[in-house]
Amino acid sequence: MKILILGAGRVGSTVAESLVSEANDITVVDIAANQLALLQDRFDLRTVAGNASHPSVLKRAGAEDTDMVLAVTESDEINLVACKIAASLFNIPTKIARIRASDFLEHSDIFSQKNFCVDYAIYPEQILTEYIEKLIEFPEALQVLDFASGKVSLVAVRALQGRPLVGHQLQTLRKHIPNIDTRVAAIFRKDRPIIPEGSTTIEEGDEVFFIAATKDIRVVMSELRSMDKPVKRVMIGGGGKIGRRLAEALEKEYQVRIIERDGKVCELLSQELHHALVLHGDITDEELLEDENVAEMDVFCALTNDDENNIMASLLAKRLGARKVIALINRSVYVDLVQSSGIDIAISPAQVTIGSLLAYVRQGDVAAVHSLRRGAAEALELVAHGDTKSSNIVGRKIEDIKLPKGATIGAIVRGLPSHNKRWLSIGVIDESNNVKVWDKARVIIAHHDTVIESEDHVILFVINKKMIGQIERLFQVSASFL
C-alpha cells in the first residue's frame, strides 16, 4: 500500500517503522525537518517537511495517488483538517485520525463524510487508560488484551515456582482444570520464543501467553502463579490527560490518590474528581511518598510526560514498599532497559496505540490487532469469509491449515454480528447490532480438530511480524467468491 503518515512524533515514527518492515510505500510529513532526517537515516521511506494540513504540502507528499492517510500529529485540529483535504481534494480512500481531546467523543458526527471525512478515529489516551485498567484489575498479569468485544482475553504472566503447571508439561493442563478450556499460545524463555506443544515443559520465569474466555482467565492464571490480593489502593503520579482519565475510571471502585506538581492542574483535578484525593507535589519526592503511605499502595502508576521522572518515581515507590509499580515510558530504548529492573511493568504508549492503527492497515477483514513484546510479535483477530472452494481456511480443521511456523490459532468466536470498524473505533455502539446477539456468541478454544466456519472470528498469535503477509494471504478469498 502507499501510505501517507502525517506526524513524525513517537506514534508516527513507531507506525512508520512497523509499516516499512512490511514492504509498504511510506511517506512521512512533519514540520520538524530534524525529526524527518532521523527517520530517513533509519528507514527506507520518503519524507516531506511542512504543515500536514496544507494542500500544497500534501500534494508534494504524493497525496494524489495515496491509498491511506494516517493523521497522527500532536494537533487534533491539524489531523481533522488534513483528513478533510485528503478526501475533498485528493480523494484518498481511507483516512485515519489521531484524536486526543475527549470533547470529540461526545460529538461523533464531526467525523462523518459531511464534515471532516474521518473513516477511523483513534484515541491514544483512552486506549492507554483501558490498558492500564486491565493491569490493575489483574495485578498478576504482564499484559491483558481483549478480543471479540471482550469475550476472549490473551494474558501474559510470569510463571512462578511452586504453581501447579510450573515444571510440568502443557498436556497436563486439562487435568488441573478439567472444566475450563484454554490454550497456551506462546512461551518466551529468556526473550526467546518457544512454540508450545503438548510435551513442552513450563519453567520458572517463563513469560507465558495463554488465551481463554475472559470469564475463565483468573482460574487459568492461578495455575502459573499465586494470585495476588485484589487491588484496593492506587496512587497515580501525574495529573495529565492519562492520569486524569485513569483517576476518573478508578475512583468509584478503588481508593485513589493522584499527585500533580502543577498547582493550577491540581485545582482542576479537585473539581473534576469526586472521590480521589488530589495531592500537590513532586512524584520523585521521597518524603512526600512516605507521608502519603506509598508502602500501603497496591499499585503505583507513574504517568507523567517525563520518562526519567516516571522511572525514578517507580523505582523509589518500589523501594519504599509499593506492591506493584507501573511506569509510562515513551522512549522505547528505556523500556527495554528498565523491564528487568525493579519496575514491574514498563508501558510504551506508542506500542499500545499502534495496534489500533494496524487493524485498519492490515489486508483482509481484521477486527483487532495487538502489538506484543515491544512490537516483535502480534496477536490478530481476523474474520473468516468464503466457503470450502474459495477459502484456504473455511471448512478445514486447524491441523489441515498451512499456517507459517510460529503462528498459532488460539481461539474462535462464533456467532458475532458483522462488526463496524468505524463506529467501534470512535467509541459509538452501532445501534443495528443487537446486544443479545453479542451475548450469545460462543467462544471455542482451538484444538487440532476444530473446524473453522465462515464468519468465525479467528484469534491468532504470531511470534514474528514477518509472517503477517502470509497470514493475510491465507485469509483472502478467491475472486470467484466475490
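This report describes a predicted protein model, from its confidence and annotated domains to its strands and aromatic pairs.

Residues are numbered from 1 along each chain as its sequence is written. In this predicted model, local features need pLDDT of at least 70 and side-chain atom pairs count only at pLDDT 80 or more, while totals for chains, interfaces and linings use all residues; side-chain values use heavy atoms, with hydrogens and water left out.

**Confidence**

The average pLDDT (the predictor's confidence in each residue, from 0 to 100) is 87 for the protein, and 94% of the residues score at least 70. Residues 420-437 have a pLDDT below 50, and this stretch has 30 contacts (heavy atoms within 4.5 Å) in the model beyond near neighbours in sequence. Where pLDDT is low, the predicted coordinates should not be read in detail.

**Annotated domains**

An unreviewed UniProt entry lists "domain: RCK N-terminal" for residues 1-122 and 231-347. The annotation "domain: RCK C-terminal", also from an unreviewed entry, covers residues 142-226 and 367-477. UniProt positions are given in the numbering used here, feature names are shortened, and annotations may be inferred rather than shown by experiment. The table describes two of these spans; helices (H or I, at least four residues) and strands (E, at least two) are DSSP runs, numbered from the N terminus.

| Span | Distance between end C-alpha atoms | Helix | Strand |
|---|---|---|---|
| Residues 1-122 | 20 Å | 33% helix | 22% strand |
| Residues 142-226 | 14 Å | 11% helix | 36% strand |

Strand β1 (residues 2-6) and β2 run parallel and are joined by 5 bridges; two strands pair if DSSP finds at least two bridges between them. The bridge partner of I3 is I26 in β2. Between β1 and β2 the chain passes through helix α1 (residues 10-20), and this β-α-β crossover is right-handed. A crossover is right-handed if, with the strands pointing away from the viewer, the path from the first strand over the helix to the second runs clockwise.

β2 also pairs with strand β3 (residues 46-49) in the parallel sense, over 4 bridges. Here D30 stands opposite A49 in β3. The chain reaches β3 from β2 through helix α2 (residues 33-42), again in a right-handed β-α-β crossover. In strand β2 (residues 25-30), 5 of the 6 residues are buried, so the strand is largely enclosed by the rest of the structure. Buried means under 20% relative accessible area, exposed over 50%, and partly exposed in between (1.4 Å probe, protein chains only).

**Aromatic pairs**

Rings of Phe, Tyr and Trp (its six-membered ring) pair if their centres lie within 6.5 Å; planes under 30 degrees apart count as stacked, over 60 as edge-to-face and the rest as tilted. The count by this rule is 4 aromatic pairs. One of them is the stacked pair of Y120 and Y360, with 4.0 Å centre to centre and 10° between the planes. Y120 lies in strand β6 (residues 120-122) and Y360 in helix α13 (residues 349-361), so this pair ties together parts that are 240 residues apart in sequence. Y120 counts as buried at 19% relative accessibility, and Y360 counts as buried at 13%.

F188 and F461 form a tilted pair, 6.5 Å centre to centre with 55° between the planes. F188 is in strand β9 (residues 182-189) and F461 in strand β22 (residues 457-462), 273 residues apart. Ring pairs link F188, F209 and F461 into a cluster. F188 is buried, with a relative accessible area of 5%. Leaving aside neighbours within four places in sequence, the contacts of F188 include P193, D206, F209, R373 and F461. F188 and F209 are 21 residues apart in sequence and 8.4 Å apart in space, C-alpha to C-alpha.
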